[in-house]
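Please look over the structure below with its strands and helices in mind.

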Amino acid sequence: MKVALAEAEMPVLRQIMADFKKRQPFKNVSIAACLHVTKETAVLIKALVLGGADVALCGSNPLSTQDDVAADLASHGVKVFAWRGVSPEKYYWCLNKVLDNKPQIVIDDGADLISLIHGKRRALLKTVWAGQEETTTGVIRLRAMAKAGKLKYPVVAINDTPTKHMFDNYYGTGQSTMDGLLRATNILLSGKILVVAGYGYCGKGMALRAKGLGARVIVTEVDPLPALQAVMDGFEVMPMKAAAKIGDIFLTATGDKDVITREHFKLMKDGTILGNSGHFNVEINAADLERTAGSVKRVRDNLDEYTMKDGRKLYLIAEGRLMNLAAAEGHPSAVMDMSFADQALTCEWLVHNHKLLENKVYDVQPAIDEKVSRLKLQSLGVKIDALTPAQKKYLASWQEGT
Ligand SMILES: NC(=O)c1ccc[n+]([C@@H]2O[C@H](COP(=O)([O-])OP(=O)(O)OC[C@H]3O[C@@H](n4cnc5c(N)ncnc54)[C@H](O)[C@@H]3O)[C@@H](O)[C@H]2O)c1
């Protein structure tokens, strides 16, 4: 039922699915996917399976799997290796099971499968054609691998295409992080001082939505450009050490580690809430928090209370793992429609083009980005203008001036 509701909100992917079903582009193609196992992911997997693919799926984070969705997929014959709360050891067991399916195309969200293939499962390098990466953190890892000459198959950076990061990271993370914050704490945001660490695509969306809910938003950054943009967007900008003394809520989305550590915990007010929406649980140093605290107890679902030795209480959402997926349901289906349409169409592009590619990080084809935005506008009933021949000529020339 949940998956059907998601599908209803994903008109672009639905059209692609109907087309795949007719044309069978993935006949005899094995696809391994390491993605958050949500209802939207289930719709993507369904599209690939209807297109003829043999798909094996594992989760891309120990706390993001929706068990009912995993069960639903399994009942439809998909090979799923994922459950919520999986231990680190079992997490890698799941990844290995997915790789046992001998994939030709590998879809990653955080580059865990590709790391495994380039490490303990190198035999697969002979049979993998290409990969796709969903998120910022994964793309950073892949570019580092390519730069070091270590990347052994071509990968398409789905995250970097506009129809992904300008919508999913911005509107998706913006809204679903607030959803996670409210479900985990049920606090009133109006009047609270909310600190957003990182003013990238995710951080911008989170700051915008927090402001809309009445919070007084402070931004912390390390890059002068987004810091300046935050100032001009009307937010206060300051170093984390200064924000630590005044914030009520701290949300990270930097893709970086040790953004909030012991030196900040000791400055924070009693009752401070901490949460992360970045890909890995390294942004808030939870080990530091545990060491600094006198005791820890779970006070609500997805909320742990750390009592400091001086009596202050700090609250950590979902163990510092991405709170929009761990404490809520991840991004709304309507925005994942675009990200997963990019994934689905790129998969087909790889089937036809993988032999022509080098072991590099590639952008999504501009034609795919254009198709996805056009289909999404169509589904929203929005029409736009078209360039006239004279405008086309003007925009391609340099002779006309004042
Ligand atoms: N939770 C989700 O559903 C979801 C969705 C998309 C992306 N992500 C993840 O969120 C993270 C951010 O993604 P993005 O697309 O916004 O990246 P981005 O590169 O657009 O932005 C990151 C920003 O953080 C800043 N930053 C880096 N280190 C910092 C530090 N120590 N203190 C303050 N700011 C710092 C950078 O300067 C940059 O402006 C990544 O880990 C990405 O994989 C999560």
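## A nonpolar patch on the surface

In this predicted model, helix α10, which covers residues 224-232, gives the most to a nonpolar patch, with three residues. The patch lies on the surface and is formed by L228, V231, M232 and V237, which have about 380 Å² of accessible area together.

Eight strands form an open sheet with mixed pairing, and their order is β9-β8-β7-β10-β11-β14-β13-β12. At the edges stand β9 (236-237) and β12 (293-300), and each has a single partner strand, so one side of each is left without a neighbour in the sheet. Helix α9 (residues 201-212) packs on this sheet, where it touches β7 (193-197), β8 (216-220) and β10 (249-252), and the direction of helix α9 makes about 170 degrees with that of β7.

Strands of a sheet pair through backbone hydrogen bonds, and this pairing can be either parallel or antiparallel. A parallel case is the pair of strand β11 (residues 273-276) and strand β14 (residues 313-317), which is held over two bridges, with Y315 in β14 as the bridge partner of I273.

E305 in β13 is the bridge partner of K297, while Y315 in β14 is the bridge partner of E305. The hairpin of β12 and β13 has two residues between the strands, and N302 in its turn has a positive phi of about 65 degrees; the hairpin of β13 and β14 has four residues between the strands, and G311 in its turn has a positive phi of about 95 degrees.

Six of the six residues of β13 are buried, so this strand is largely enclosed by the rest of the structure. L303, E305 and T307 point one way from β13, whereas D304, Y306 and M308 point the other way, and all are buried.

## The sheet of seven strands

Another open sheet has seven strands in the order β3-β2-β1-β4-β5-β6-β15, with parallel pairing. Its edge strands are β3 (79-81) and β15 (361-362), each of which pairs on one side only. Strand β2 (residues 54-58) pairs with β3 in the parallel sense over three bridges, and K79 in β3 is the bridge partner of A56.

Terms used. Residues numbered from 1 in each chain as written. Predicted model: local features only at pLDDT ≥ 70, side-chain atom pairs only at ≥ 80, totals over all residues. Heavy atoms only, no water. Patch = residues over 30% accessible without salt bridge, like charges linked within 9 Å, V, L, I, M, F, W, Y side chains within 5 Å. Areas by Shrake-Rupley, 256 points an atom, 1.4 Å probe, with all protein chains shown as cover. Salt bridge = Lys/Arg side-chain N within 4 Å of Asp/Glu carboxyl O. Pairing = 2+ DSSP bridges. Contact = heavy atoms within 4.5 Å. Axes fitted to C-alpha atoms, helices over the stretch in contact; angles between N-to-C directions. Buried < 20%, exposed > 50% of the residue type's maximum accessible area, 1.4 Å probe, protein only.
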